[in-house]
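User: I am new to this structure and would like a short tour. Please take me through it in questions and answers.

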Amino acid sequence: MLAQWASFVARRRWWVLAVAAVLAILAGTASTTLTDRMDQGGYDVPGSESSRAATAAGRALDNQADALAVYTVPAGRSVQDPAVQNAVRQAVGRLPDAQVAGATGWWQQPALVSADNRTGAVAIQLRAEDQNGQLAAWPDVEDALLGTGDTVGGRTTYGVDGLTLRFSGWTPMGDAVNAQTEADLARAELISFPVLLIVLVLVFGWLIAAGLPLVVGAVGITGALGVLWVLTTFTDVSVFAMNVVTLLGLGLAVDYGLFVVSRFREELRAGDAGDGATGSRADAASVQRAVTVALSTAGRTVLVSGLTVAAALSGLLVFPQGMLRSIGFGGIAAVVVAALSALTVLPALLSVLGHRIDRLRVPIGRGRRPGVTAADPGRHDRRGHDRRGWARVGRVVMRRPALVTVVVVAGLLVVGSPFLRAEFSEVDASVLPKDNAVRMATEHVRATLPGASTEAAQVVLVGSDGRAPEQRAVQAYAEQASRIDGITGVAPAGSSGDTVVLTAQVDDDPQSQAAQDAVTHLRDIAAPAGTREVLVGGPTAALIDSLDAIGDRMPWMLTVLAGAVLLLLTVAFGSLVVPVKAVVLSALSLTASFGAIVWVFQDGYLVGLLGTEAGPLEASIPVLMLAVLFGLSTDYELFLLSRIAEAYRSGRTPRDAVVDGLARTGGLITAAALLLGIVVGAFALSGLKFMKLLGVGMLIAIAVDATIVRGLLVPAVLALLGTVAWWAPRPLRRLAGVVRLEPTEREPDADVPLAAAAPTAASRSDDREIGS
């Protein structure tokens with residue numbers, strides 16, 4: 001099928017490139033407004049107790065703040081000073097009525113002023129009820145307040161010397177996160193593309209060849225962001241999906257481009273060396289053959305890899321949290337677009353360029369001259385063994401496969417063991433950089449204005465028979481709640497109709513285990529008389545509900561993820577054993593990454609170098625890492641196994657096939673991992689803590705997977721399994737023949753030494769010697 005597709009693309013190459021260019025322009029234009037269409041929330045669990053509590057409290061409290069304007073005066077001054085209050089009142093009076101429903105200052109509400117009278121807050125209620133509407137309105141509100149100040153000597157005065165203003169609350173935090181996300185994306189692209197080009201030049205040695213994977217990467221990113229734009233018209237899409245889409249779209253597209261371009265150049269050289277014919281017609285035939293074989297081999301790998309990674313990401317769709325679901329949709333879009341770009345745009349470009357792909361030689365590159373193949377006798381010893389580095393590694397592994405397996409598995413489990421004591425949190429202002437004004441204001445409010453903090457637990461008491469609970473019963477409930485360890489005080493927040501809302505302050509970080517224990521005990525208190533329902537919400541309750549939802553849905557995610565990958569690999573390789581081995585080893589390869597992020601981000605090692613601080617892991621990030629990294633680890637597994645299977649079905653013994661496949665793909669997988677690592681590493685520089693965590697975790701996982709697992713563990717396990725690895729019932733073998741990752745009929749590969757064409761007695765003897 002891919003051979004026919006390659007022929008079609010070659011004939012219609014200019015049409016394919018024209019359509020791709022038009023779609024890329026449309027997607028790029030649409031993506032310029034993407035941030036404004038995306039959802040800032042999506043962390044809560046719909047239908048959970050905390051979610052219902054937030055809805056009920058919002059209905060009952062007309063003055064519930066969407067943002068806090070936090071004013072601070074220097075030492076020796078007081079926010080109760082009439083001059084200070086008058087200046088702030090004038091600023092508040094200029095708030096736009098179209099966006100602001102009301103504002104309550106500290107001169108009206110004592111809970112909004114600090115004990116030392118140096119900090120006062122204005123609680124702002126926005127007219128928009130949904131988060132996207134609030135974020136859209138916030139810039140006008142912020143400008144109305146900030147625009148009233150004058151900067152003198154580095155200080156903003158607002159009509160009073162030394163009076164400063166910062167913002168806190170969910171809406172300012174969302175706006176700050178959006179701004180940081182856009183800055184991170186711009187920085188990641190600015191860093192990634194030049195470094196990727198340098199590495200690709202080192203890999204290929206020719207500037208034209210090096211630029212092709214980047215073209216595919218640019219098309220992949222633009223197309224995926226365009227798909228996200230379309231998705232926002234049908235469903236809420238988290239703003240963080242942009243980061244993941246960029247990471248996957250660029251990383252996978254470049255890797256796929258590397259695989260296809262490398263195989264094309266390999267086949268082009270082999271064809272030139274074998275035919276010896278010259279002339280434009282012979283050149284055209286040679287190019288067509290190279291494109292066809294490249295798509296029939298590396299293209300099949302790209303196709304199955306794209307389906308496999310997309311299947312792994314589909315595991316995110318079982319979770320109720322909107323953020324995880326939208327990243328699942330966005331990630332699938334990124335993978336599909338990356339694969340389609342590699343299978344359409346890239347072969348069209350290869351057909352146009354032909355032999356000109358090896359133009360603009362760069363002296364620092366290591367690419368081989370056209371016509372020089374891997375079968376060059378200088379690369380093999382007198383017994384026909386490949387003397388290159390990865391082949392040498394493969395032969396060493398073949399000598400002691402059992403020992404290698406035990407040592408590597410034990411090492412991965414030991415490194416991954418810290419994850420057993422992982423602690424988790426929800427996304428809040430702490431994800432922002434330490435010097436971010438919104439984060440600093442949030443921490444200042446927590447320390448000086450606990451009554452105004454949005455981090456307290458909310459208790460919603462809903463009365464029976466349409467009447468509010470009696471005041472005496474509510475008071476008794478509040479006294480019982482205040483005696484819980486970790487709860488410092490319970491106070492009324494307001495009431496409406498049959499609903500009474502209380503705030504319960506937690507005596508610790510709302511994300512800590514102590515706070516979770518306190519809220520759990522709060523939920524265990526019996527409902528007071530005359531109350532039909534008690535709902536406990538707030539950030540700590542939301543974290544508890546999120547962890548419960550993740551724990552409940554995790555078995556379903558693992559079932560979807562493992563089941564889809566097993567099915568695809570079984571059909572692709574015509575084996576029942578290889579897919580099971582791939583799933584188990586991919587799971588093992590993730591253990592080191594999960595243990596490392598606990599060691600770095602929770603225990604605090606290297607946090608200074610990374611520009612962050614120690615603390616719990618955001619609860620959704622390990623789930624996201626599991627889906628993304630499982631798919632990516634299977635990606636490299638596919639590429640390695642496809643060449644091993646190709647060698648095995650051409651007549652090599654199982655162990656010789658492993659060495660041959662490792663020799664052919666080891667360097668390329670290393671290069672692909674390096675390229676993907678560059679993209680991921682750029683996101684490790686993010687100003688958002690959880691994106692930094694994701695980037696570092698993925699960087700570690702990619703490094704471990706592409707070296708230790710693919711270079712040592714996979715070959716060792718295949719050596720132990722021998723021919724059993726490729727066993728399957730006859731009907732399955734017939735089915736797999738349709739989608740097999742290597743062509744069933746093809747010309748002799750000039751890259752395979754002739755001595756390896758069949759499992760001769762000599763080769764079987766060598767195999768026994770290698771494994772001895």
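User: How many bridges join S8 to strand S11 (residues 531–537), and in which sense do they run?

Analyst: This is a predicted model, where local features need pLDDT of at least 70, side-chain atom pairs count only at pLDDT 80 or more, and totals for chains, interfaces and linings use all residues. Residues are numbered from 1 along each chain as its sequence is written, and side-chain values use heavy atoms, with hydrogens and water left out. Strands (E, at least two residues) and helices (H or I, at least four) are DSSP runs numbered from the N terminus, and two strands pair if DSSP finds at least two bridges between them. Val-459 stands opposite Val-536 in S11, and S8 and S11 run antiparallel, joined by six bridges.

User: Which residue in S10 is the bridge partner of Val-462?

Analyst: S8 also pairs with strand S10 (residues 499–506). The sense is antiparallel, over six bridges. In S10, the partner of Val-462 is Thr-499.

User: Is strand S8 (residues 457–463) enclosed or open, and how many of its residues are buried?

Analyst: Buried means under 20% relative accessible area, exposed over 50%, and partly exposed in between (1.4 Å probe, protein chains only). In a regular strand the side chains alternate between the two faces of the sheet. In S8, Ala-457, Val-459, Leu-461 and Gly-463 are buried on one side, and Gln-458, Val-460 and Val-462 on the other. S8 is largely enclosed by the rest of the structure, because the buried count is seven of the seven residues.

User: What is the order of the open sheet of four strands?

Analyst: Pairing in this sheet is antiparallel, and the order is S2-S3-S1-S6. Its edge strands, each pairing on one side only, are S2 and strand S6 (164–168). From one strand to the next, the twist averages 25°.

User: Where does Asn-117 lie, and what is its relative accessibility?

Analyst: Most residues other than glycine have a negative phi. Asn-117 is not a glycine, yet its phi is positive, about 60°. Asn-117 lies in the loop between strand S2 (100–104) and strand S3 (119–126). Asn-117 counts as partly exposed, at a relative accessibility of 27%.

User: What is the relative accessible area of Leu-606?

Analyst: Leu-606 has a positive phi too, about 70°, although it is not a glycine. Leu-606 is found in the loop between helix H19 (577–602) and helix H20 (607–610). Leu-606 is partly exposed, and its relative accessible area is 47%.

User: At what angle do helix H2 (residues 13–31) and helix H8 (residues 207–231) pack?

Analyst: Axes are lines fitted to C-alpha atoms, for helices over the stretch in contact, and angles run from 0 to 180 degrees between N-to-C directions. The axes of H2 and H8 are 8 Å apart. The packing angle is about 55°.

User: How do the residues of the contact of H2 with H8 divide?

Analyst: Contact means heavy atoms within 4.5 Å. Residues of H2, including Ala-24 and Gly-28, meet residues of H8, including Gly-223 and Trp-229. The contact residues divide into five nonpolar (Ala, Val, Leu, Ile, Met, Phe, Trp, Tyr, Cys and Pro), no charged (Asp, Glu, Lys and Arg) and five polar (the others, Gly among them).
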